[in-house]
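Here is a friendly set of questions and answers to read alongside the model. Let us start with charged pairs and then move on to packing and backbone.

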Amino acid sequence: MRTLKYNQAISEATVQCMKNDPNVFVAGIGVKDPGGIFGTTEEANELFPDRVFDIPNCENAFAGITIGAAAVGKRPLIVHPRNDFMFLSTDMLINLAAKWKYMYQNGTSVPVVTRAVVGRGWGQGATHSQSTHALFAHFPGLYVATPAFPSDIKGLMVTALTGDVPVVILESRAVYGLEDEVPEEPVAIPFGKGRIIREGTDVTIVGASLMAYEALRAAAILSEQHGISAEVIDPRSIRPLDEEIILKSIAKTRHLVVADTSWATYGFAAEVAAVASEKGFADLQAPVRRVTLPDSPAPVSKPLEDAFHPTPMSIAQACLGVLRQEVQVTSHVRDVQEAFAGPY
């Protein structure tokens with residue numbers, strides 16, 4: 001099978017869905033710019049220039065416009081170059097799109113698909129590098145995906161653009177350069193189905209978004225340096241969440257570490273810990289450990305950023321703690337986006 005990078009997989013899913021359904025259109029700030037949102041909208045704009053719309057800074061208004069378009073049969077794909085900008089569209093997404101099928105009881109939905117990029121690192125600071133997935137996953141009526149790998153982003157986009165549920169897809173910019181095997185056909189991946197991306201027997205690591213990739217690297221450190229077998233689960237979508245795959249893994253390893261790109265309090269890691277406590281407590285031999293951001297906004301300076309974000313080393317150290325091994329992780333792996341220098 002051929003391989004694609006993450007941004008190439010997004011582009012291919014978008015173009016294939018636009019070819020298959022003339023109602024699909026793309027809109028967002030910068031989607032028609034040269035380069036097209038890190039290469040994700042460029043080909044769509046070349047092939048369907050009349051169905052790719054650059055919009056001004058009017059996030060809430062345009063969210064409402066696209067919900068109206070979806071209500072009459074269109075398939076909007078909205079793109080935010082930073083997910084922080086979605087705060088301005090939350091009223092429409094949460095109070096209208098998410099609640100549409102519940103309020104109107106007429107058998108209809110408004111399947112708006114919203115893509116947004118998380119800009120961790122390279123000095124993005126407190127207002128341009130947040131991971132907002134937990135916020136949107138809090139509300140019934142929205143599906144929220146955090147795919148980390150090219151094959152998963154393509155499959156979930158195909159499902160989103162052919163389904164009947166409003167969807168938020170959050171993409172970490174840090175994984176845009178990752179490459180793996182991607183089917184050429186538009187093969188759908190269902191929401192609510194996670195996958196085991198590395199099998200293990202000693203400890204389970206659940207990682208959303210970039211943390212799925214970082215958990216893989218942590219598992220390699222644990223295996224090579226400490227002889228520990230870690231099982232890594234990528235939930236792919238956090239709402240709906242595949243609880244079964246997590247609970248089965250806990251039953252096998254009896255230890256759980258959850259890694260997230262956001263804060264611990266009221267976050268994704270807290271939700272997974274709650275599921276383990278309520279439904280898998282009898283299988284656990286140690287308290288669940290969460291590896292998340294410090295309880296403060298993101299700093300701007302590079303040294304502070306390096307200390308702020310979870311890493312494969314901090315995830316591996318948490319696993320050693322859960323397993324009550326009083327040793328320190330001494331190995332070091334390179335930052336996932338060390339070579340990326342912008343622009344923004």
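Q: How many salt bridges does the count come to?
A: This is a predicted model, in which local features need pLDDT of at least 70 and side-chain atom pairs count only at pLDDT 80 or more, while totals for chains, interfaces and linings use all residues. Side-chain values use heavy atoms, with hydrogens and water left out, and residues are numbered from 1 along each chain as its sequence is written. A salt bridge here is a side-chain nitrogen of Lys or Arg within 4 Å of a carboxyl oxygen of Asp or Glu. By that rule, the count comes to 10.

Q: Which residue forms a salt bridge with E12?
A: The closest N and O atoms of this pair are 2.4 Å apart. The pair links distant parts of the chain, 10 residues apart: E12 lies in helix α1 (residues 6-20) and its partner in the segment before β1 (3-5); helices (H or I, at least four residues) and strands (E, at least two) are DSSP runs, numbered from the N terminus. The partner of E12 is R2.

Q: Is E12 buried or exposed?
A: Buried means under 20% relative accessible area, exposed over 50%, and partly exposed in between (1.4 Å probe, protein chains only). R2 has a relative accessible area of 25%, so R2 is partly exposed. E12 has 18%, so E12 is buried.

Q: Which residues are linked with R2 in a network of salt bridges?
A: R2 and E12 already form a pair. The network of salt bridges links R2 with E12 and K154.

Q: Where is K252, which meets E231 in a salt bridge?
A: The two side chains meet at 2.6 Å, N to O. E231 counts as buried because its relative accessibility is 1%, whereas K252, at 41%, counts as partly exposed. The pair is 21 residues apart and links distant parts of the chain, with E231 in strand β11 (residues 230-234) and K252 in helix α10.

Q: Why are D306 and K302 separated by about one helical turn?
A: D306 and K302 form a salt bridge, with the closest N and O atoms 2.8 Å apart. Both are in helix α12 (residues 302-308), and they are separated by about one turn because they are four residues apart.

Q: What makes α10 oblique to α11?
A: Axes are lines fitted to C-alpha atoms, for helices over the stretch in contact, and angles run from 0 to 180 degrees between N-to-C directions. Angles under 35 degrees count as roughly parallel, over 145 as roughly antiparallel, 65 to 115 as roughly perpendicular and the rest as oblique. Helix α10 (residues 243-253) and helix α11 (residues 268-279) have axes 10 Å apart and pack at an angle of about 60 degrees. That angle makes α10 oblique to α11.

Q: Which residues of α11 make the contact with α10?
A: Contact means heavy atoms within 4.5 Å. From α10 come E243, I246, L247 and I250, and from α11 come V272, V275, A276 and K279.

Q: Which residues does Y213 touch?
A: Y213 is found in helix α9 (residues 210-226). Leaving out residues up to four places away in sequence, Y213 touches F149, L178 and V336.

Q: Which residue does a cis peptide bond join to R239?
A: Omega of this bond is about 0 degrees.
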